[in-house]
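Here are a few notes to read alongside the model. Take them one at a time, and keep the picture open as you go.

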Amino acid sequence: MNFTHVNAANEPTMVDVGAKVPTRRVARAQCRVVLGPELLSRVQAGEMPSHKGPVIHTAILAGIMGAKRTAELIPLCHPLGLDDCKVTIVPDGPDALRVECTAVVTGRTGVEMEALTGATIAALTIYDMCKAFSHDITIDSVQLVEKTGGKSDFHRPENL
């Protein structure tokens, strides 16, 4: 198997997807933001005043905005006009939040990078908004959960 973004001369190149038939493609990615029990409680209670707005709502907006700008962040990533993008943030145990991003497009290339970018940008926003209270925050388990609609589907067994 060869890298997809390297040509015969071993130079970086964009993958030509022009001959592919557009299909509906969906990707879901997630990660965890470990805040600790006290900080998680404050975030959930809305006790973190910010001019940016509530931590969770701001992170959701940032995740969607990040997913929409993935091609500006990842070299050679095709710019996609997303059909839909949803970010959810829910408690994950006594000390963490689970961030999930689902990206949808009808197109010639997948949306895995958009889903992964959306989840991580949302997580980074949580970190940014909480770092004044603690720097002992960890973002972990960034992973593609599933993708459908392309050459091959992928479904990760539940493990987060």
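1. Let us begin with a term. A residue is called buried when its relative accessible area is under 20%, exposed when over 50%, and partly exposed in between, using a 1.4 Å probe and protein chains only. Glu 100, at 17%, is therefore buried.

2. Some ground rules come next. This is a predicted model, where local features need pLDDT of at least 70, side-chain atom pairs count only at pLDDT 80 or more, and totals for chains, interfaces and linings use all residues. Residues are numbered from 1 along each chain as its sequence is written, and side-chain values use heavy atoms, with hydrogens and water left out.

3. What does Glu 100 meet in a salt bridge? Its partner is the side chain of Arg 28, at 2.9 Å from N to O. A salt bridge here is a side-chain nitrogen of Lys or Arg within 4 Å of a carboxyl oxygen of Asp or Glu. Glu 100 sits in strand S3 (residues 96-107) and Arg 28 in strand S1 (residues 23-34), so the pair ties together parts that are 72 residues apart in sequence. Strands (E, at least two residues) and helices (H or I, at least four) are DSSP runs, numbered from the N terminus. Arg 28 is buried too, with 18% relative accessibility.

4. Arg 69 pairs with Glu 72, their closest N and O atoms being 2.7 Å apart. Arg 69 is partly exposed at 47%, while Glu 72 is exposed at 58%. Asp 92 pairs with Arg 98, with 3.6 Å between the closest N and O atoms. Here Asp 92 is buried at 12%, and Arg 98 is partly exposed at 23%. Asp 92 and Arg 98 also belong to a network of salt bridges that links them with Arg 32 and Asp 140.

5. Now find His 78, in the loop between helix H3 (70-73) and strand S2 (84-91). Is His 78 buried or exposed? With a relative accessible area of 16%, His 78 is buried. Its side chain reaches the backbone oxygen of Val 15 at 2.8 Å. Leaving aside neighbours within four places in sequence, His 78 is in contact (heavy atoms within 4.5 Å) with Met 14, Val 15, Val 17, Ala 71, Thr 109 and Glu 114.

6. Glu 114 turns up again where two helices meet. Two packed helices are described by the angle between their axes and the distance between the axes. For H2 (residues 55-68) and H4 (residues 112-130), the axes come within 7 Å and cross at roughly 145 degrees. Axes are lines fitted to C-alpha atoms, for helices over the stretch in contact, and angles run from 0 to 180 degrees between N-to-C directions. Residues of H2 that take part include Ala 59, Gly 63 and Gly 66, and those of H4 include Gly 118, Ile 121 and Ala 122.

7. Finally, look at two backbone angles. Most residues other than glycine have a negative phi, and most peptide bonds are trans. Asn 10, in the segment before S1, has a positive phi of about 65 degrees, and is exposed at 64%. Leu 76, in the loop between H3 and S2, also has a positive phi, near 65 degrees. Leu 76 is partly exposed, at 31%.

Conventions:
Polar contact = N/O pair within 3.5 Å; in protein donor to acceptor, adjacent residues only side chain to side chain.
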